[in-house]
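Here is a short briefing on one protein chain. Look at the structure first, then read the points below.

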Amino acid sequence: MSTLEPPPLAHVAQRASRRAPSPAALAAFLDALTAALPADRVTTLDSARLAASRDGAYLSPLLSAVLPDRLADVVVRPAGTDQLQTVVRLAHAHAVPVVPRGRGTGNYGQAVPLAGGVVVDLSDADRILEVGNGWIHAQAGATFVALEAAARRTGQEIAMMPTTVGSTIGGFLGGGAGGLGSIEHGWLWDGFVQALEVVACPPQDEPRRAYGAQCLPYLHAYGVTGIIATATVKLAPARDWTALLASFPGPAGADATQAGLALLRLDPPPRMVSLDEPALVATYPADPALPAGRHSLRAVVDVSAVDAVTKTVAAHGGRIDKVDAAAVGYVSTLSFNHVTLRAKKARPELCHLQVGGAPLVTDPDAVRAALPGSMLHLDGMRPYLDPADPVRGRGFGGLLLAPFHDAASLYAWIERLQALGVHVVDPHTWLLDGPALPGIRAAAAANDPDGLLNPGKLP
Ligand SMILES: Cc1cc2nc3c(=O)[nH]c(=O)nc-3n(C[C@H](O)[C@H](O)[C@H](O)COP(=O)(O)OP(=O)(O)OC[C@H]3O[C@@H](n4cnc5c(N)ncnc54)[C@H](O)[C@@H]3O)c2cc1C
């Protein structure tokens, strides 16, 4: 029997709802807001409140069931840091909860305003402020499409970014982890963030400035430690990327996995390598480059590596189905959580777990057997940093997708996976967790002593 319990989310949501502003406080806040900001920056329209109160949590059957219908009471779209400071100052004065928001692509319900209040949608604060050698400085609402375009104009590119390239830099730092470029550059926590300007609650005259390791408590903290106003993140020299789609005969996927591992050792390293078994490929839209009944290996590599990839694929019994620079965006949407999105469109009964660790490669059958009817998707990444040998730190993490029954069986599966040595990140909770939690807690106590920033997310 499982000893691992689902988090008490319904209880947490109920407790967070007690932080909701009183009608009188809300009315006074709205009056002050409309007096302080241009009219087109503030809205209480139902459609805007609804759109600003949901995120990608619908991918989880558990979160869909327990997330309350609570909406933001008001949505503000500050144009820049001064207006952001004003909103937070007024919210604090009237004890109104504040939830920062980018594009709402987070998928743990972390952008959902459990206590209502004001959602601060930063997508209009999207200016690229400066591009230097190895860094870019931008407002929180800048999207990765815009950041990458600005970096490319200087012969550089974003070192690492989510596959949801329309999401914002503030939202990625506040709620994401890694993605394109993670094979070479690791995760958010691996030196990607060089500096931040953060608005505390209550704000000081100027935003707080954090550099290097001081930025850590703001990363993947769901905004509970402060609202990122601007960020300076790492750029790398631009490469000439192209996409390759290869396939391998089923049913065993060992050859495809070995070919994938060989690609992770390429120099220059790929920006992305993903692998799927035939059952998962069957849930994707029909594509001659994703042939039925075969394992699929997809990679985004520097054009100079195409010959080496072709030889590697052939040496492991596979064939190249397509090489196309125009397909880089497309193959990115067959990786990371896009896989859950696509698989659930074809099979709504599926539920996902984020997994990592050696058994995904050394004993995938045992990993699959831990979840009845499961399918394994792998993404290349750099799970740990070995400065002496960067290649050694590269490996696969991924997703396990299986038909969902109930919370109890899901947590029994997680326990079974952990017993096999699989590292599981639970995507079915909005509660912050992990080794950074003590630092996040300390920064939240200092920067938000009244607990108004995104209530209900810090356990
Ligand atoms: C199909 C799909 C694929 C995905 N693929 C990836 C992937 O490859 N890699 C990855 O890491 N994630 C991935 N995600 C998750 C999500 O895309 C990332 O978390 C994303 O970068 C969030 O950006 P956003 O602008 O949408 O932020 P939002 O979803 O709006 O916000 C995310 C969190 O950050 C907080 N926040 C927003 N702005 C700020 C700010 N300025 N300061 C402080 N906190 C803030 C919010 O309150 C929320 O808690 C995926 C999600 C989906 C649905």
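Predicted model: local features only at pLDDT ≥ 70, side-chain atom pairs only at ≥ 80, totals over all residues.

Residues are numbered from 1 along each chain as its sequence is written, and side-chain values use heavy atoms, with hydrogens and water left out. The chain is divided into domain 1 (9-120), domain 2 (124-237) and domain 3 (241-425). These bounds come from an automatic or database domain assignment.

**Where domain 1 meets domain 2**

- The centres of domain 1 and domain 2, taken over C-alpha atoms, are 22 Å apart.
- Domain 1 gives 18 residues to the contact, and domain 2 gives 24 residues. Contact means heavy atoms within 4.5 Å.
- Together the two domains bury about 1700 Å², with 63% of it on carbon and sulfur atoms. Buried area is the accessible area (1.4 Å probe) that two parts lose on being put together, summed over both.
- On the domain 1 side, Q85, R103 and Q110 lose the most area to domain 2. Together they make up 28% of what that side buries.

**Bonds and pieces at this interface**

- Two salt bridges are counted between domain 1 and domain 2. A salt bridge is a side-chain nitrogen of Lys or Arg within 4 Å of a carboxyl oxygen of Asp or Glu.
- Five residue pairs, both residues at pLDDT 80 or more, are in polar contact across the interface of domain 1 and domain 2. A polar contact is a pair of N or O atoms within 3.5 Å; within protein, one must be able to donate a hydrogen and the other to accept it, and residues adjacent in sequence count only if both atoms are side-chain atoms.
- Which elements supply the side of domain 1 that touches domain 2? α5 (81-93) and β3 (98-101) each supply at least two residues. Helices (H or I, at least four residues) and strands (E, at least two) are DSSP runs, numbered from the N terminus.
- The largest share of that side, six residues, comes from α5.
- That side of domain 1 has seven nonpolar, seven polar and four charged residues. Here Ala, Val, Leu, Ile, Met, Phe, Trp, Tyr, Cys and Pro count as nonpolar, Asp, Glu, Lys and Arg as charged, and the others, Gly among them, as polar.

**Salt bridges in the chain**

- The structure holds 17 salt bridges.
- R77 pairs with D124 in a salt bridge, and their closest N and O atoms are 3.0 Å apart.
- R152 and E148 also form a salt bridge, at 3.5 Å from N to O. Both residues lie in helix α6 (residues 144-152), four residues apart, about one turn of the helix.

**A look at T333**

- T333 sits in the loop between α12 (328-332) and α13 (338-346).
- Leaving aside neighbours within four places in sequence, T333 is in contact with H338 and R342.
- A polar atom of the T333 side chain lies 2.7 Å from the backbone oxygen of Y330.

**Backbone details**

- A cis peptide bond joins C201 and P202, with omega about 5°. P202 is in the loop between β8 (193-199) and β9 (208-211).
- Another cis peptide bond joins D267 and P268, with omega about 0°. P268 is in the loop between α9 (254-264) and β12 (272-276).
- A95 has phi near 55°, a positive value in a residue other than glycine. A95 lies in the loop between α5 and β3.
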